[in-house]
Amino acid sequence: MAEMIAQINDVINGFVWGVPMMLLIVGTGVYFTIRTGFLQFRKFGYAMKHTIGKCFHKVEAKEGSVTPVQALTTALAATVGTGNIAGVCGAIAAGGPGAIFWMWVSALFGMCTKFAEVTLAIKYRERNDKGDWVGGPMYYIKNGLGQNWKWLGAVFATFGMLAAFGIGNMTQVNTIATTVGSAITQFTSLPESTLKIVYLVIGIIVAIISAMVYLGGLKRIGNVTEKLVPFMAVIYIVGCLIVIVTNSQHIGTVFSDIFRGAFNPSAVLGGAIGIGISQAIKKGVGRGVFSNEAGLGSAPIAHAAADTDSPVKQGLFGVFEVFADTIIICTLTALTVMCAFTGNNAIDIPFGQAAGADLAITAFSTTFGGKASGVVVAIGLTLFALSTVLSWGLYGTRCAEFLFGSKIIKPYQVLFCVFMVVGATMKLDLAWAIADTLNGLMAIPNLVALLLLSPVVVKLVREYFADPARELEKKK
């Protein structure tokens, strides 16, 4: 039975993460880029000023909402995850250095897709029974396209509710447990039976932490991610920069390999490995979309809770979100691996094969040494995965709430925490594959809604930037 399920899932997964779907996701970004007059480039400075620039302004959110920055960090907590480390390493190994160029391309257009998602989430959100702002694709489908389309919102919510248990729960906790376990075994040898106990304890700890956060409701999630995301990002960024600076003399070669490999992989790798340009594009775009989630519809659920009356202003946080996730963090992972590959203590990248976080550990080991590198990556992956768990708990809860009402919130969260303990101690190859498929399926109803509601986004953009108050804002 398990083998049959795996085969069926492989067929569906090949479609939802295949070339046609990638073209649709990137094509949607291109479409919105053109329709909004290349907003993410034309207004990039304005977007940075009114997003990252606001992070240092302390404000309080009204009841039932979080601050715009907390909405951003909650979304980033889910977006910045294991894909920024393991996903990037996998893209480089399977698609060559050129995959990074295509990851950048998908992110540049994905900025506008995420902008549109967040803008619509604010435009069509509503209050739930508890007085909290709720929104996301299911709500802009129902409230934007009308009740006749509510079934499509239910489809998205079903995929999101189920995907959360895999992509944002069991697989993340399993990553924390196995990574911490690997770091421990570098210092002391442990039998398999003891390691399983370690995994179980880690799963219980993560479940308790998550339960404490969920019990505090929307505001506590925002408060935790507001502190956790900058902390985890700084730790990982500093670690990457140390490796890159140590190998700074090779940065020119690395960028040359990335750009040459994007259009002619054999010029960098040689033809024997069998990586062609189509493979570089597929892996780069696919891992880019998986990492920044532009077009998948998850992040708008967090942004919908922002204490703001301007859909476009919150939409600009979507631009920054993709920029921070892919252009900054994914690029730093890529440069760390490629600098280590090109440097004096050159590591071996298994081009044409599968690779994950182990490749990042090897890259860090060239500068920090074997044991320290395992600790650095373990800390980075643990923080990334924990933040993902917290945010996807919110996403899954909101999807379940859309389908069954507010009475489902606590039972869903309890079940969500139970699955964390289960995930810590299991082999999750099939669970990961199914969750990956469900995550991709979320994009289909979301992209349909985005394209049908594109005139609304264009109208909101024109009205926002035509307002004389914007000109005064720019001069301040």
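Tutor: The largest nonpolar core has 151 residues, and Ile92 and Met420 have the most contacts inside it. A nonpolar core here is a set of buried Ala, Val, Leu, Ile, Met, Phe, Trp, Tyr and Cys residues joined through side-chain atoms within 4.5 Å. Buried means under 20% relative accessible area, with a 1.4 Å probe and protein chains only. Helix α16 gives the largest share of this core, 17 residues. Helices are DSSP runs (H or I, at least four residues), numbered from the N terminus.

The model is predicted: local features need pLDDT of at least 70, side-chain atom pairs count only at pLDDT 80 or more, and totals for chains, interfaces and linings use all residues. Residues are numbered from 1 along each chain as its sequence is written, and side-chain values use heavy atoms, leaving out hydrogens and water.

Now Met420. Beyond its neighbours within four places in sequence, Met420 is in contact (heavy atoms within 4.5 Å) with Asn169, Val173, Gly203, Val206, Ala207, Ser210, Tyr214 and Val389.

Back to α16, residues 311-342. This helix packs with α7, residues 98-123, at about 155 degrees, with the axes 7 Å apart. Axes are lines fitted to C-alpha atoms over the stretch in contact, and angles run from 0 to 180 degrees between N-to-C directions. The pair is therefore roughly antiparallel, a label for angles over 145 degrees. Residues of this contact divide into 18 nonpolar, 7 polar and 3 charged. Asp, Glu, Lys and Arg count as charged; Ala, Val, Leu, Ile, Met, Phe, Trp, Tyr, Cys and Pro as nonpolar; the others, Gly among them, as polar.

Note on methods: Helices (H or I, at least four residues) and strands (E, at least two) are DSSP runs, numbered from the N terminus. Angles under 35 degrees count as roughly parallel, over 145 as roughly antiparallel, 65 to 115 as roughly perpendicular and the rest as oblique. Buried means under 20% relative accessible area, exposed over 50%, partly exposed in between (1.4 Å probe, protein chains only).
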